[in-house]
Amino acid sequence: LLTGNPARAKLAASMLSNNEKVSENREFLVFRGYYGDLEVTVCSAGMGAPSTAVAIEELVRAGCKVLIRAGTMIGVNAGLGEIIISTGAVRKEGTSPTYVELGYPAVPDFLILESLVRSAEKAGVKFKVGISSSFDGFYSEMRNKQVLKCLREVGVLGCDMETSLVLTLCNILRVRGGSACLVTVDSLGRCLDSEERSKLEKSLVKLVLDAFTFINKETGGMP
């Protein structure tokens, strides 16, 4: 389970039994524990595609086979408090092109996508399934009215700084990858209040953990 915010990694770890901190270095905070009888690793990767790529590279080298981003997004065609499950992402960040040309699609593993949707339906949370977009510039791009207008017109649900990298790199490294992100800010700058955000982040993390259990059942054990 991959987060940006170390605080969300701590939240996810608190939902695991027999959890332990494996390591902590800069923005990378790693925990390990059990969700039911399934062993899960939780890792924070900080903000943006470059540090997320470092985390994924090292997690895969350590043996990780399934990575799901549990993050946050600015809503464009999704509203505050909704969870965006990405079917693909526009690659506007600068890290994934260092791996492969922009014509290579940023898409999730189908089983992860299906499992996230099933988990969201089971949980009864508000969610949308569709295309997202990832950028490097938080203020220069993600808060730019013209950029947001263009995204809205072509049906993009929301934007962040990591999802397109996660989806692209997981495919390149031959591991399962996916993304589910909570809309915490909308395109008008309105934000979830702290109490509601805290509650919904817990729902997001549980949704992703439940998706891992669906994948485990479907594969007869994680691939």
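Glu 162 is buried in this predicted model, with a relative accessible area of 7%, where buried denotes under 20% relative accessible area, exposed over 50% and partly exposed in between, for a 1.4 Å probe and protein chains only. The model is a prediction in which local features need pLDDT of at least 70 and side-chain atom pairs count only at pLDDT 80 or more, while totals for chains, interfaces and linings use all residues. Residues are numbered from 1 along each chain as its sequence is written, and side-chain values use heavy atoms, with hydrogens and water left out.

Glu 162 belongs to the loop that joins strand 8 (158–160) to helix 6 (163–172), helices (H or I, at least four residues) and strands (E, at least two) being DSSP runs numbered from the N terminus. When residues up to four places away in sequence are not counted, Glu 162 touches Gly 46, Met 47, Gly 48, Ala 49, Thr 52, Arg 69 and Ser 134, contact meaning heavy atoms within 4.5 Å. With Arg 69, the side chain of Glu 162 forms a side-chain polar contact at 2.9 Å; such a contact is a pair of N or O atoms within 3.5 Å, of which, within protein, one must be able to donate a hydrogen and the other to accept it, and residues adjacent in sequence count only if both atoms are side-chain atoms. The C-alpha atom of Glu 162 is separated by 7.6 Å from that of Phe 135, 27 residues apart along the chain. Helix 6 itself is mostly covered, eight of its 10 residues being buried, and the residue Arg 174, which follows helix 6, has a positive phi near 65 degrees.

A polar atom of the Asp 109 side chain lies 3.1 Å from the backbone nitrogen of Leu 111, and, residues up to four places away in sequence not being counted, Asp 109 touches Arg 176 and Gly 177.

Helix 3 (residues 110–123) packs on helix 7 (residues 194–219) at an angle of about 125 degrees, with the axes 8 Å apart; axes are lines fitted to C-alpha atoms, for helices over the stretch in contact, and angles run from 0 to 180 degrees between N-to-C directions. Helix 3 and helix 7 are therefore oblique to each other, given that angles under 35 degrees count as roughly parallel, over 145 as roughly antiparallel, 65 to 115 as roughly perpendicular and the rest as oblique.

The crossing of helix 1 with helix 7 is right-handed. In this contact, Arg 8, Leu 11 and Ala 12 of helix 1 meet Arg 197, Glu 201, Lys 202 and Val 205 of helix 7, a set with three nonpolar, no polar and four charged residues. Arg 8, Ala 9, Leu 11, Ala 12 and Ala 13 are buried in helix 1, and the elements covering the buried residues of helix 1 include strand 1 (2–3), strand 2 (17–25) and helix 7. At the N-terminal end, helix 1 is capped by Asn 5, a side-chain oxygen of which lies 2.9 Å from the backbone nitrogen of Ala 7.

Note on methods:
Left-handed = near helix turned anticlockwise from the far one by under 90°. Nonpolar A, V, L, I, M, F, W, Y, C, P; charged D, E, K, R; others polar.
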